[in-house]
Amino acid sequence: MELEPNDEVRFMCVMNARGRSKEIPEGYNGNAFVYPAVVTTAGKLIGGNSIEYALELVKKAKSEMSEEYVQSVADLMVIRGDVDFGWGKAVFGGVPEAGGGGFPGLSLFCSHLNAKGEEGIVIPLCLPFNAMQRFVKELESSGMIVSSD
């Protein structure tokens, strides 16, 4: 992404809100999730800190996800989204788009069993075009197998 060391970066992860809030009605079958985020600088992530630094930030964000946090997210949705949790009003439908906030990218991971029966992890990525080109070159130069399709 060619970020400067002082540029703020965020990692957001989807977390299930079920069991973390009394506000989710019994019998509700829709999605119930929040996006806790960790914030740091690009320099702190790549400036000699190990992957453990990033993992500790994520663990901290997850541990702080309380019932109060879930309620706060629900309140914000009501304020900004004309949402009625009494089963009325707004219905949303549309094509999903990658990214959240100011970041136009997305990644996720899922387990995978290849044709040989070997278990692994697939990590699809969605990045801006120039960033994806740089990412593919980095992986190719490191000798990793890449499918950029």
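In H2, the buried residues (under 20% relative accessible area, with a 1.4 Å probe and protein chains only; exposed is over 50%, partly exposed in between) are Leu57, Val58 and Ala61. They sit on the same side of H2 because they cover an arc of only 95° around the axis, taken from the directions from the helix axis to the C-beta atoms. On the face turned away from that buried side are the exposed residues Lys59 and Ser63. This is a predicted model, in which local features need pLDDT of at least 70 and side-chain atom pairs count only at pLDDT 80 or more, while totals for chains, interfaces and linings use all residues. Residues are numbered from 1 along each chain as its sequence is written, and side-chain values use heavy atoms, leaving out hydrogens and water.

The cover over the buried residues of H2 includes strands E1 (8-12) and E4 (37-41); helices (H or I, at least four residues) and strands (E, at least two) are DSSP runs, numbered from the N terminus. Strand E4 is where Thr40 is found, and Thr40 is buried at a relative accessible area of 10%. Beyond its neighbours within four places in sequence, Thr40 is in contact (heavy atoms within 4.5 Å) with residues including Val9, Tyr53 and Leu57.

As for aromatic rings, Phe33 and Tyr35 form an edge-to-face pair, 5.6 Å centre to centre with 90° between the planes. Rings of Phe, Tyr and Trp (its six-membered ring) pair if their centres lie within 6.5 Å, and planes under 30 degrees apart count as stacked, over 60 as edge-to-face and the rest as tilted. Phe33 is partly exposed at 37% relative accessibility, and Tyr35 is also partly exposed, at 45%.
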